[in-house]
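Hi everyone, thanks for making time this morning. Let's look at some helix packing together.

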Amino acid sequence: MGTPNDQAVLQAIFNPNNPFGDVGLEPGKQAEREEEDEDEVFPQAQLEQSKALELQGVRAAEAGDLHTALERFGQAINVLPERASAYNNRAQARRLQGDVAGALEDLERAVALSGGRGLAARQSFVQRGLLARLQGRDDDARRDFERAARLGSPFARRQLVLLNPYAALCNRMLADMMGQLRGPCNGR
């Protein structure tokens, strides 16, 4: 299913306690608290049902069954249409299927539902930033990564460095300099 990069991104997106290597002081604990805070507004029975459907969708996606994954995420959205998490997950599955427009639509909805705050917003901005980068829209990517970084995403901070042309130039110059320093030693 997909490239190794797709699988790594999928793994990161579908594991909200460790999105793209983002860890707080205690791995997973901060993300769990954020998700609990965001979810406390929803009725418990619907929340549990929606989360269970999302988990089934994540497992299906990880197994390469995007059709079932999309069905489960759609069902989770039907149970709690005001919860951003399932839109984030469905966006990732849609992207993996090649439906970039559908993925962006879901991410817009997730951003709106989250009010641009919290774990769901952070994940939405990271995903939307990645899509913008893939499409060559670096200014849009930079804006989304800046928003995700302000919400605490180390992954987004790393992406901002990569988008900085001066950082890329410095890295290239440093690599050239290191290569020249190694050169004379290799010739002896």
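Over residues 50-83 the chain is 79% helix and 0% strand, with the end C-alpha atoms 9 Å apart. Helices here are DSSP runs (H or I, at least four residues) and strands are E runs of at least two, numbered from the N terminus.

A quick note on the model: it is predicted, so local features need pLDDT of at least 70 and side-chain atom pairs 80 or more, while totals for chains, interfaces and linings use all residues. Residues count from 1 along each chain as its sequence is written, and side-chain values use heavy atoms, leaving out hydrogens and water.

How do H3 and H4 cross? The axes of H3 (residues 44-62) and H4 (residues 66-79) come within 7 Å and cross at roughly 165°; axes are lines fitted to C-alpha atoms, for helices over the stretch in contact, with angles from 0 to 180 degrees between N-to-C directions. That makes H3 roughly antiparallel to H4 (an angle over 145 degrees). Their contact, meaning heavy atoms within 4.5 Å, includes Leu53 and Val58 of H3, and Phe73 and Val79 of H4.

Now the other neighbour: the axes of H4 and H5 (residues 84-97) come within 9 Å, crossing at roughly 155°. H4 and H5 are therefore roughly antiparallel too. Among the residues in this contact are Leu70, Phe73 and Ile77 of H4, and Tyr87 and Leu96 of H5.

Key
Parallel < 35°, antiparallel > 145°, perpendicular 65-115°, else oblique.
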